[in-house]
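Try each task before reading its solution.

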Amino acid sequence: MSKTMKVTVSDENYEKLMQKAGDASIQDYIRSVLFPDQTPLVTPEDAVKKALEKYQKGDGFTVSEIFGDDWNLPNGYAGVFGRRFNKLIKEKYSDKIRYTGYYTQNGNAIYEMI
C-alpha cells in the first residue's frame, strides 16, 4: 500500500528542487534520490516513442499495454507516469495520439492513434 506525504519547503528550496528535477516531476526526483533502486527505467517520452512504433491509426491502447509484461511500475509511480504521459501527448503529440475520454475497468486511460 502507498502512503501520501506532505512536506513544506522554503521558496528557495522549492526552486532548487525544480532545477534538480529538470523534466521529471519533483515527486519523481525525490523518489529517485531516496530510492534509486526503485526508480522506473521508462519515461513518458519512451512510452510515446514505443506507441508510435507499435500502433497504427485507429488503434486503441492504454499506457500499460504499450509495455505489456514489462509494465511493472509501483502504485505511486504509475499514476504520476500516466498523468505525465497525458500531458506530453496534449502538448507535443496531439496530432498523433489522443485521449479518448474512456477508462478500462482497472481505471487505465484509453488512448487512440490518429
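Two exercises follow, each with a worked solution.

This is a predicted model, where local features need pLDDT of at least 70, side-chain atom pairs count only at pLDDT 80 or more, and totals for chains, interfaces and linings use all residues. Residues are numbered from 1 along each chain as its sequence is written, and side-chain values use heavy atoms, leaving out hydrogens and water.

**Exercise 1.** Find which residues of helix H3 are buried, and work out how they are arranged.

*Solution.* Step one: helices are DSSP runs of H or I, at least four residues, numbered from the N terminus, and H3 covers residues 44–54. Step two: apply the cut-offs, with buried under 20% relative accessible area, exposed over 50% and partly exposed in between (1.4 Å probe, protein chains only). That picks out Pro44, Ala47, Val48 and Ala51 as buried. Step three: look down the H3 axis; the buried residues fall within an arc of 100° (taken from the directions from the helix axis to the C-beta atoms), so they line one face. Lys49 and Glu53, on the other side of H3, are exposed.

**Exercise 2.** Look at Glu12: which residue does Glu12 form a salt bridge with?

*Solution.* Step one: a salt bridge needs a side-chain nitrogen of Lys or Arg within 4 Å of a carboxyl oxygen of Asp or Glu. Step two: Lys16 is the partner, with the closest N and O atoms 3.4 Å apart. Glu12 is exposed at 53% relative accessible area, while Lys16 is partly exposed at 42%.

Definitions and conventions: Helix = DSSP H or I, 4+ residues; strand = E, 2+ residues; numbered from the N terminus.
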